[in-house]
Amino acid sequence: MPLSASDRLATGTATKYGRAVRTLLWIVLSAYPVFAGPPFHTDDPVPVAFHHWEAYLFATADRAKDGRTYQVPAWELNAGAAPNLQLHLVVPLVYFRAPGERGAYGVGDIETGIKYRFVSETSTRPQIGIFPMLEIPSGSESRGLGNGKAWARLPVWIQKNIDGWTTYGGAGWIINGASGMRSHPFGGWLLQRAINKRVSLGGEVYSEGTQGLDLPAFAILTFGGYYNVNEHFSILFNAGRQVAGGPHTIGYLGLYWTWGPDK
């Protein structure tokens with residue numbers, strides 16, 4: 001995810017880990033909070049209902065030979081500000097440690113966004129929406145906790161529900177002008193099944209283009225879902241590995257609340 005280690009590269013103290021650090025943090029911290037429709041990377045066009053709220057308390061993990069990155073804990077808040085319009089905020093606490101170095105822990109880059117659905121779903125037509133996001137550079141770049149410069153994601157998402165199955169996905173463009181990074185495309189697709197009223201399971205493939213200097217494109221395959229404890233509270237989970245671009249094992253575990261007027 002778009003977090004760099006330019007200070008380390010500049011001083012030469014950890015040159016051999018510089019590219020790995022950037023790639024590792026890019027994948028974890030950009031994919032999950034941003035990566036989007038929890039607990040998956042791929043998002044959907046469905047906004048929070050008008051006058052309703054959603055809150056997540058979650059943790060993510062990425063373990064690889066190049067280092068380890070965790071978001072523990074992180075908070076997400078979504079508000080139905082208007083019909084078909086959602087406001088979005090994520091505030092993560094991030095821990096990163098490269099091999100042979102001391103770990104760093106602190107506030108990561110804060111994520112803001114607006115989801116707007118401009119096409120509603122019918123029996124023959126999918127719903128379509130946009131979800132632009134802006135990452136505020138609140139994390140420390142020198143400690144590997146932030147990108148060092150504001151960056152943005154500009155996706156279009158579509159979704160269709162068919163006989164208990166839900167499929168959604170889309171693509172977009174990441175704009176990142178931080179040192180050593182570059183703007184690039186991204187996209188993903190997901191298929192999910194409601195097993196019963198409490199359990200839904202699904203799988204996705206998500207990928208991004210070349211992210212920067214010597215940072216290759218990657219693809220991730222994950223499986224996960226959620227368990228509905230009741231109509232207002234759910235447990236979310238997801239795990240997977242990269243299938244292209246480098247070996248990473250990733251995971252997500254979260255608690256979800258929703259509330260608002262019944263009608």
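1. Leu154 has Trp173 in β9 as its bridge partner. The two strands are β8 and β9 (residues 165–176), joined by 12 bridges and running antiparallel. Strands count as paired if DSSP finds at least two bridges between them. Strands (E, at least two residues) and helices (H or I, at least four) are DSSP runs, numbered from the N terminus. The hairpin of β8 and β9 has 2 residues between the strands, and Asp163 there takes a positive phi near 50 degrees.

2. A word on the source. This is a predicted model, in which local features need pLDDT of at least 70 and side-chain atom pairs count only at pLDDT 80 or more, while totals for chains, interfaces and linings use all residues. Residues are numbered from 1 along each chain as its sequence is written, and side-chain values use heavy atoms, with hydrogens and water left out.

3. Strand β6 (residues 127–130) runs antiparallel to β8 (residues 151–162), with 4 bridges between them. Here Ile128 stands opposite Ile158. Strand β7 (residues 133–136) also pairs with β8 in the antiparallel sense, over 3 bridges. Leu134 has Ala152 as its bridge partner in β8.

4. Overall content. The protein has 14 strands and 2 helices. Of its 263 residues, 50% count as buried. Buried means under 20% relative accessible area, exposed means over 50%, and partly exposed lies in between (1.4 Å probe, protein chains only). The accessible surface comes to about 11,600 Å², and 63% of it belongs to carbon and sulfur atoms. These areas come from the Shrake-Rupley method with a 1.4 Å probe; for residues, only the protein chains shown count as cover.

5. Aromatic pairs. The structure holds 7 of them. Rings of Phe, Tyr and Trp (its six-membered ring) pair if their centres lie within 6.5 Å; planes under 30 degrees apart are stacked, over 60 edge-to-face, and the rest tilted. Tyr70 and Tyr95 form a tilted pair, because their ring planes meet at 35 degrees, with the centres 6.2 Å apart. This pair links distant parts of the chain, with Tyr70 in strand β2 and Tyr95 in strand β3 (residues 85–97), 25 residues apart. Tyr95 is partly exposed, at 28% relative accessibility.

6. Phe186 and Tyr206. Their ring centres are 6.4 Å apart and their planes stand at 40 degrees, so this pair is tilted. Phe186 belongs to strand β10 (residues 184–194) and Tyr206 to strand β11 (residues 199–208), 20 residues apart. Both residues are buried. The charged end of Arg153 sits over the ring of Phe186, 4.2 Å from its centre. Sitting over a ring requires NZ of Lys or CZ of Arg within 6 Å of the ring centre and within 35 degrees of the ring normal.

7. Glu204 also lies in strand β11. Is Glu204 buried or exposed? Glu204 counts as buried, because its relative accessibility is 2%. Its C-alpha is 9.5 Å from that of Tyr168, 36 residues away in sequence.

8. Surface patch. Trp53, Leu57, Trp75, Leu77, Leu89, Trp257 and Trp259 form a nonpolar patch with about 630 Å² of accessible area together. Patch residues have over 30% relative accessible area and no salt bridge; like charges are joined within 9 Å, nonpolar side chains (Val, Leu, Ile, Met, Phe, Trp, Tyr) within 5 Å. A salt bridge is a side-chain nitrogen of Lys or Arg within 4 Å of a carboxyl oxygen of Asp or Glu. β1 (53–64), β2 (67–82) and β14 (249–259) each supply at least two patch residues. Trp257, in strand β14, is partly exposed at 34%.
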